[in-house]
Amino acid sequence: KPVTTVLVNEKEYQSDDYTNITPKIISYLGRNLHLQKNHPLSIVRQRIVNYFYSSFTQRGNPAFSVYDNLTPVVTTKQNFDDLLIPLDHPSRAKSDCYYINRGTLLRGHMTAHQSELLKSGLDNFLMIGDVYRRDEIDATHFPVFHQVDAVRSQRKDELFRDKQDLHIFEPNFDPNNPQAFTNSIDDPMKQRCHTLEASKLMETQLKTHLIGLVKSLFGEGIKFRWVEAYFPFTHPSWELEIYYEYNWLEVLGCGIVRNEILASAGPNNSIAYAFGLGLERLAMALYKIPDIRLMWSTDSGFLTQFENVDINTKIRYKPVSSFPQCTNDMSFWLPPNLTVDTFMSNDFYDLVRDVGGDIIEQVKLKDKFVHPKSKKHSLCYSIVYRHLERTLTQAEVNQVHKEIEKAIIANYGVVIR
Ligand code: PHE
């Protein structure tokens, strides 16, 4: 049914052909798990903030400002344009974001606030909050998660404290004529406008600070590795992975901030690094929390395990009890206007979650099939149901499964097999 306005955080927005935010998603706004006392996400947030406060002080005062109360409703300018994300970049797709309308969406990363905070004159700051992404459904993915993003800038005199003859910018870089370098090719090691010394010094600081952070959270023995990465708003860029339970786990993205972003924010006399890390990943690894949905639990069996503890104590989550899963398959023929390749699985996942709520543990594509004679296309998904706090009955699951079937018939005109 076409709705003409959407109400988000008590504000009305005009909807349009981009609107894909759902009531279920709107219901997560304002939970602010990262600020909830005794919540694992807020404990990790506090440890990260403490690390940065204690690592960087100026005459005994913290050299960082912390923003943890910024509204998740942002413009496409904040989330993408200001960060030099090209118009055809996949992260802008409707299938990846929750749009309120063409110009407004729920932020997909905390970096959405970077440019504005730089423009307001800040040079060292943390941005902490909830971010929203459309994704698959499993034990480590949830459409809402939390990030800590940071910017640390250095002026020449700070960066080269004892080597004042060195320079941040290449001699032929003209700050008054940025076009002179935006179209030129970067070196893989640094941006065109930066000197190698400046870029390498920042890179070393960035990596040292982040390794320090990971060690302060997981202990000195943590195994890690740097992986080269690409982000439109940093160059060079890296991802940090930690070795956890026999797997490499990506915990953060980082890099040297594109000078175009710093230059458009104000005086162009510094170099900066930035990073963004996911709080859920860290908390799940630190406390051995097996399912991301537990973060949203209001069950005292979960929450009391994190209550009134010193934030640096080793906590290991003990499953209250593990209730059984129940898996039901759903096979359907697609209508003639859809093929197994054009069917939007993320739309389907949102629909499943809208109808099924948080008892949906996982949705997996099991089979794609094109009938050799009729050329009809068919898909089969397995839906795994589990309640975190009680046993679901088969009858109850069948009921929800039927409701999901009804909803996909109504939305896509499929025929259940
Ligand atoms: N915003 C990026 C993400 O969400 C992380 C990042 C932040 C990378 C800052 C580089 C610099 O994946």
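Threonine 339 counts as partly exposed, at 27% relative accessibility (buried means under 20% relative accessible area, exposed over 50%, and partly exposed in between, with a 1.4 Å probe and protein chains only). You'll find threonine 339 in the loop between strand S15 (326–333) and helix H11 (345–356). Helices (H or I, at least four residues) and strands (E, at least two) are DSSP runs, numbered from the N terminus. Threonine 339 and valine 370 are 31 residues apart along the chain, and their C-alpha atoms are separated by 8.8 Å.

A quick word on the ground rules: this is a predicted model, where local features need pLDDT of at least 70 and side-chain atom pairs count only at pLDDT 80 or more, while totals for chains, interfaces and linings use all residues. Residues are numbered from 1 along each chain as its sequence is written, and side-chain values use heavy atoms, with hydrogens and water left out.

## Around the ligand

Which residues come nearest to the ligand? Of the 13 residues around it, the nearest are His109, Thr111, Arg133, Gln147 and Gly276 (a residue is near a molecule or strand if one of its heavy atoms lies within 4 Å of it). Strands S10 (144–155), S13 (247–257) and S14 (270–278) each supply at least two residues of the shell around the ligand. The largest share, three residues, comes from S14.

Now for the polar contacts, meaning pairs of N or O atoms within 3.5 Å; within protein, one must be able to donate a hydrogen and the other to accept it, and residues adjacent in sequence count only if both atoms are side-chain atoms. A ligand nitrogen is 2.8 Å from an N or O atom in the side chain of threonine 111. A ligand oxygen is 2.8 Å from an N or O atom in the side chain of arginine 133, and for the side chain of glutamine 147 an oxygen atom of the ligand is 3.0 Å from an N or O atom. Taken alone, the ligand exposes 330 Å², and the protein buries 90% of that (areas come from the Shrake-Rupley method with a 1.4 Å probe; for residues, only the protein chains shown count as cover).

Most residues other than glycine have a negative phi, and most peptide bonds are trans. Here, the peptide bond from histidine 235 to proline 236 is cis, with omega near -10°. Proline 236 is found in strand S12 (residues 234–244).

Tyrosine 246 is exposed, with a relative accessible area of 74%.

## Proline 86

Proline 86 has its place in the loop between helix H3 (76–79) and strand S7 (99–101). At 34% relative accessibility, proline 86 counts as partly exposed. Proline 86 and proline 232 are 146 residues apart in sequence, yet 8.0 Å apart in space, C-alpha to C-alpha.

## Cysteines

How many disulfides are there? The count comes to zero, taking a disulfide as a pair of cysteine sulfur atoms within 2.5 Å. For cysteine 193, the closest cysteine sulfur is in cysteine 254, 18 Å away, so that is too far for a bond. Cysteine 193 is buried, with a relative accessible area of 2%. Cysteine 97 is buried as well, at 6%.
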